[in-house]
Structures are given as structure tokens and as C-alpha cells.
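I want to look up the ligand site and then the aromatic rings.

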Amino acid sequence: MRFCRSDFPPDFMFAAATSSYQIEGHAYGGAGPTHWDSFAATPGNIVRSETGAFGCDHYHRYAQDFALMQAAGFDGYRFSTSWARVLPEGRGTPNAEGLDFYDRLVDAMLSHDLRPMATLYHWELPAALADLGGWRHPDIANWFADYTQVIMDRIGDRMFSVAPINEPWCIAWLGHFTGDHAPGLRDIRATARAMHHVLKAHGTAIQTMRAMGMSNLGAVFNFEYVHPGDKSAKTAQAARRYDQAYNHFFLSGVFKGTYPAEVMAGLEPHMPKDWQDDFALIGTPVDWCGLNYYTCRRVVHAEGPWPAWADVPGPLPKTQMGWEIYPEGLCDTLRMVQREYTQDLPLYITENGMAAAHDPQREDAARIAYLDDHLDAARQAMAMGVPLQGYTFWSLLDNYEWALGYEKRFGLIHVDFDSFERTPKASYHALARALSR
Ligand code: FCB
């Protein structure tokens with residue numbers, strides 16, 4: 001690695017991230033079914049129809065995972081709690097085993113010197129709520145507030161930070177517009193509702209935790225740096241439309257109390273009743289903002305109804321996901337978020353990393369270079385005045401990469417999905433050396 005810990009301010013946090021459904025093993029401990037289970041059981045949705053039933057067996061092996069994190073010198077662990085593990089029906093009676101599990105998990109983090117950075121929703125909606133309409137249902141923000149209360153009553157006394165929702169765009173757009181993620185809808189009305197309700201749920205959860213006296217509450221968004229894919233004026237407009245929908249819609253809702261005109265041009269007829277009245281809730285103040293960043297996208301104009309865009313492949317080297325490697329976009333995105341939305345609010349990189357096929361001979365060189373280049377970009381942004389306070393690597397472990405199953409390996413630690421054996425990769429060792437200096 002080209003960097004070491006002492007290149008960053010003394011209180012800068014290095015963390016690694018995972019999420020519940022991707023690693024825990026959803027089959028264990030009395031968790032209820034989620035919409036990812038039904039999505040996976042429907043032919044054609046997921047590579048080899050894989051599910052999170054066994055994940056990385058983190059449910060039983062978390063102490064080993066935290067020992068590896070502690071040995072690498074991480075300061076924090078960004079994890080998520082599963083709504084369906086806490087409340088198998090989404091509402092009603094909590095699952096005592098699930099609450100006990102998160103209680104043990106948090107104690108184990110602390111005993112390994114890892115600050116708990118919780119996310120309350122990383123995509124596995126209880127199937128019972130999906131049956132009622134899931135993110136389309138106007139009451140979902142209240143159901144989410146009740147779940148927030150139940151889980152934080154149990155672990156809220158030990159959190160370093162909490163964000164209610166991971167990546168509103170993916171939940172709403174990939175789940176309801178493109179159908180790539182659960183629940184697999186392709187419906188603009190469902191999309192408009194999900195986009196708005198997800199932000200209302202963010203707001204009710206923040207208010208619930210404030211009322212409990214909790215602090216260091218934030219919001220986590222995902223970003224892609226958008227390049228127009230050709231030089232035409234129509235493409236310039238399409239790229240701007242994409243940028244507004246992907247990178248600005250949710251931030252604008254939370255930090256400005258409004259949605260971008262380019263997006264409302266398509267969604268307004270499909271929005272829930274009286275949506276304009278919800279911005280006081282959506283804009284409930286937060287203490288920090290988290291950015292998930294992986295890649296850039298090249299967008300062109302496409303004939304057809306709104307949003308009338310398509311993407312085209314770019315020339316840069318790509319990861320196992322086919323995502324172009326574009327570290328400059330991280331620096332630009334951090335600066336954009338600070339300039340347009342968050343000003344002095346602390347920022348965290350809450351996810352960054354790359355998938356690479358398992359290849360021990362090549363010693364994980366691509367991942368080490370990716371990490372170096374993105375940490376350079378982060379430092380450049382800091383030198384330009386961005387109040388960045390931490391960097392979180394995605395992911396600690398190879399895991400369940402949603403519709404792409406277990407094939408895409410994002411981990412610093414290799415997982416054998418038959419034996420669940422963990423083997424730290426060269427990037428883990430390089431990172432551990434960098435963090436010790
Ligand atoms: C993010 C998700 C995370 C993982 C990475 C690769 O969008 O938050 O669960 O899938 O991408």
C-alpha cells in the first residue's frame with residue numbers, strides 16, 4: 001500500500017463493512033422470510049437461484065471474523081441488523097433469539113475494539129410486509145420506526161453511529177423500476193412511491209432514535225460519477241437526468257427539502273398523495289452523511305418515454321462486476337456533496353471496494369491498487385477542505401452479492417462457501433501493514 005495510517009488525521013476511522021443478509025446465514029436463529037427469499041425462489045432472478053440462507057455463516061463465526069478485524073487494526077465495523085430477524089412478521093412479536101444475537105454481536109465488536117456502526121435496513125424486507133405492498137405502502141415509515149425502536153431498545157446504548165437506510169436509490173430503483181433486485185417490480189408508480197417512502201422511513205427512524213436520546217445518526221447514499229456517453233445535446237440532457245435521479249434525488253430530499261425538477265418530470269404523476277408535506281420529516285437533521293462509491297457510468301440518450309437514457313461501456317479497466325475503475329470520481333463526488341448539500345457536516349466513505357475473481361497467484365494486486373487509488377482520491381478531497389472522517393472498505397468477507405449470487409468476490413478475506421473457511425487475502429495483509437504504521 002502507498003498509504004499508512006499516519007498519513008491521515010489521528011481520529012480518522014478505518015472500518016470494514018458487511019450486511020446482515022449477505023453474511024449472517026438467514027436460515028439460523030428464527031428469522032422470518034424476506035422478499036429476497038421469494039425473489040431468489042422465482043426462476044431467472046438470481047445466478048444459480050442462490051439465497052442468503054447460509055451466507056458466510058457469520059451467525060456462528062462472528063468472533064473469528066472480529067478477531068481478524070482486530071488483528072488488521074480496524075477501528076470500526078459497519079454492519080446491519082435484519083428487520084426479519086428482529087421481527088419475523090415485520091411487525092408484532094419480536095424474535096428473542098434475534099435480539100439476543102445482535103446483543104452478543106455488539107458486545108463481541110466492543111470486546112474486539114471495534115466501534116459499532118449500524119445500518120437498520122440493508123435490503124431484506126420481511127416478506128409479510130412485502131405482501132402488504134412493501135415500500136409502496138404509505139404506512140411503511142411507521143412500521144420501520146417501530147422496528148427501529150425494538151432493535152435500538154436492545155443495542156442502542158452501545159452504538160458508535162447509526163444510519164437507518166443503506167442506499168435509497170438501490171432499494172427504490174433497482175427493486176421497483178429495473179426489477180434487478182427484490183421485489184423485482186418494473187413499475188414507475190411503485191418506484192415513485194418507494195423513492196419517497198424510503199426517505200420518510202429514514203426520517204421516522206432518525207426521530208425515533210433522537211427521542212431515545214441517541215446521537216451520531218446519519219444517512220448513507222450511493223453515487224456513480226456520470227459521464228455523457230457521446231457529444232450530442234440530447235445525451236447531455238440524458239446524462240444530467242441520470243445524475244439527478246441517481247446522485248441528487250435523495251440528498252436533495254434530505255438536505256434541501258425538495259426533489260430535482262428533471263426527476264419530477266417523470267415521477268410527479270405517480271407520487272403518493274400530499275408528498276410535498278413530508279419534507280419536514282424527511283429533513284430531520286442528521287449528524288453525518290455517508291457515501292458509497294464504486295464506479296462511473298456513461299449515459300446516452302435513448303428514444304422512448306422518460307427517463308429516456310441508456311448506458312454504454314467505457315474504456316477504463318473493469319472489476320469482476322464489469323464496473324470501470326475511476327477513483328477521480330470519488331474525489332469529485334465528495335466535493336460535490338460537501339459543496340451542494342452538507343457543508344460542515346462530517347462525511348464518511350461508508351463503502352468502497354472491488355470484486356475480483358479468486359486468484360491467489362496474482363496476490364490480489366488489483367484490489368490493492370484499487371484501494372490505494374481511492375484512498376489517494378479521499379486524501380485529495382480532504383486537502384481541498386472536505387471534512388472526511390472515515391473510510392469503510394466493502395467488504396470484510398466475500399459474500400452474497402445479491403442477484404449475482406456468491407460468484408463476485410468483494411472480500412479482504414476469502415470465504416470457501418462449502419466449508420466456510422476464512423483465508424485473508426493479500427489485500428487484507430497489505431491493509432493491516434498500512435494501518436499499523
Ligand atoms: C452496494 C451494496 C452492498 C454491495 C456492494 C457491492 O451497493 O450496499 O450490499 O452489494 O454494493
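This is a predicted model: local features need pLDDT of at least 70, side-chain atom pairs count only at pLDDT 80 or more; totals for chains, interfaces and linings use all residues.

**Ligand site**

I started with the ligand, which sits in the largest pocket. A pocket here is an open set of points on a 1 Å grid over the protein atoms alone, with protein on both sides within 12 Å along at least five of seven lines, and sitting in it takes more than half of the molecule's atoms within 2 Å of its grid points.

Residues are numbered from 1 along each chain as its sequence is written, and side-chain values use heavy atoms, with hydrogens and water left out.

I then looked up the residues around the ligand (a heavy atom within 4 Å); among them are Gln22, Trp123, Asn166, Tyr294 and Trp402.

Next came polar contacts (N or O atoms within 3.5 Å). A ligand oxygen is 2.5 Å from a polar side-chain atom of Glu167. For His122, I noted 2.8 Å between a side-chain N or O atom and a ligand oxygen; for Glu351, 2.9 Å. The protein buries 95% of the 300 Å² that the ligand exposes when taken alone (Shrake-Rupley method, 1.4 Å probe).

**Rings**

I paired Phe, Tyr and Trp rings (Trp by its six-membered ring) with centres within 6.5 Å, and the count is 46 aromatic pairs. One of them is Phe249 with Phe250, edge-to-face (planes over 60 degrees apart) at 5.0 Å and 75°.

I also checked for charges over rings (Lys NZ or Arg CZ within 6 Å of the centre and within 35 degrees of the ring normal). Arg85 sits over Phe101 at 5.4 Å, and Arg115 over Phe160 at 5.3 Å.

Conventions:
Rings of Phe, Tyr and Trp (its six-membered ring) pair if their centres lie within 6.5 Å; planes under 30 degrees apart count as stacked, over 60 as edge-to-face and the rest as tilted. A polar contact is a pair of N or O atoms within 3.5 Å; within protein, one must be able to donate a hydrogen and the other to accept it, and residues adjacent in sequence count only if both atoms are side-chain atoms. On a 1 Å grid over the protein atoms alone, a cavity is a set of points where a 1.4 Å probe fits but cannot get out, and a pocket is an open set with protein on both sides within 12 Å along at least five of seven lines; lining residues have an atom within 4 Å of a point.
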